[in-house]
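Dear colleague,

Please find the structure we spoke about below, with the sequence alongside it.

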Amino acid sequence: MLILLQHCGRNLLTSRTIRAMNKTYYSSEMVKRVAVVLAGCGVYDGSEIHEASAVLVHLSRGGASVNMFAPNIDQMHVVDHLKGEPAPEKRNVLVESARLARGDIQDLSKLNAKDHDAVIFPGGFGAAKNLCTWAVQGKDCSVNDEVKATLQAFHSEGKPIGLCCISPVLAAKIFPGCEVTVGIENDNKYPDTSDTAAAIKQLGCKHVSKSVSESHVDEKNKLITTCAFMCKAPIHEIFDGIGSMVQDVLKRA
């Protein structure tokens, strides 16, 4: 009997060990690998810091593995955020983005869509100044070649693309007929939404009015967008809306 119990104990231990190993293996296999593309550091000439931080917090909470990237180019210009005025200096988008990434960031040219399950673009004027020229040319803007290649690569792979604040215009410029949101039209809480939405429609895309706490999912193109600071809202509402976007991205990754 003792021998039988010892034998069963060894089998039980082995079974438990195997289950634990399988659990660890499958958990690691299921971790979502998400690329985050930054556009500098600071709302007026780079990535909006609170939006970038919210994206990273929600990705962390969702158990995702994150790699950050930025194009190795000069900023369109540098803005003194205290004065709200352009400053007579030059800064590099990758170098400035490294501030947000705590130094752990790579050149956007090294981003491979096949190595990731999704990509997210925080907003801020840098998305409209450094990643494209929307800030000065509107719907007639050009998109940075590496940014365009990144978006097209994830799109062709059928992998979700998350965009918040002004960055949905990148999708509108590259994917005709797509659906995005930059907030609620004709609402004083969303002062810049109507004009941006009008330009998006002129590009042949559909604008869907969504509140700051919501995200919109274009299932056909796997685009997930939310308005963030396009709305004059308390920061916790911005944070929650970005959380909705991130959750929708991870569900589809």
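This is a predicted model: local features need pLDDT of at least 70, side-chain atom pairs count only at pLDDT 80 or more; totals for chains, interfaces and linings use all residues.

Residues are numbered from 1 along each chain as its sequence is written, and side-chain values use heavy atoms, with hydrogens and water left out.

Salt bridges

A search of the whole structure finds nine salt bridges, the term being used for a side-chain nitrogen of Lys or Arg within 4 Å of a carboxyl oxygen of Asp or Glu. One of them joins the side chains of Glu-89 and Arg-91, with an N to O distance of 3.0 Å. For accessibility I call a residue buried under 20% relative accessible area, exposed over 50%, and partly exposed in between, using a 1.4 Å probe and protein chains only. On that scale Glu-89 is partly exposed at 39%, and Arg-91 is partly exposed at 29%.

Another salt bridge links Glu-96 to Arg-99 at 3.2 Å, N to O. Both residues belong to helix α3 (residues 93–100), where they are three residues apart, about one turn of the helix; helices here are DSSP runs of H or I with at least four residues, strands are runs of E with at least two, and both are numbered from the N terminus. Glu-96 is buried, with a relative accessible area of 6%, whereas Arg-99 is exposed at 57%.

A further pair consists of Lys-201 and Glu-185, whose closest N and O atoms are 3.1 Å apart. This pair links distant parts of the chain, since Lys-201 sits in helix α8 (residues 193–202) and Glu-185 in the loop between β8 (179–180) and α8, 16 residues apart. Lys-201 is partly exposed at 41%, and Glu-185 is partly exposed at 21%.

Strand β11 and its partners

In strand β11 (residues 223–226), Leu-223 and Thr-225 point one way while Ile-224 and Thr-226 point the other way, and all are buried. Two strands are said to pair if DSSP finds at least two bridges between them. By that criterion β11 pairs with strand β7 (residues 161–164) in the parallel sense over four bridges, and with strand β10 (residues 216–218) in the antiparallel sense over three bridges. Thr-225 takes part in both pairings, as the bridge partner of Leu-163 and as that of His-216. β10 and β11 form a hairpin with four residues between them, and Lys-222 in the turn has a positive phi of about 55 degrees.

Cysteines

How many disulfides does a search of the whole structure find? The search finds zero, a disulfide being a pair of cysteine sulfur atoms within 2.5 Å. Cys-132 is in no disulfide, and the nearest cysteine sulfur, that of Cys-141, is 4.4 Å away. Cys-132 is buried, with a relative accessible area of 3%. The sulfur of Cys-164 is 6.4 Å from the closest cysteine sulfur, in Cys-165, which is too far for a bond. Cys-164 is likewise buried, with a relative accessible area of 0%.
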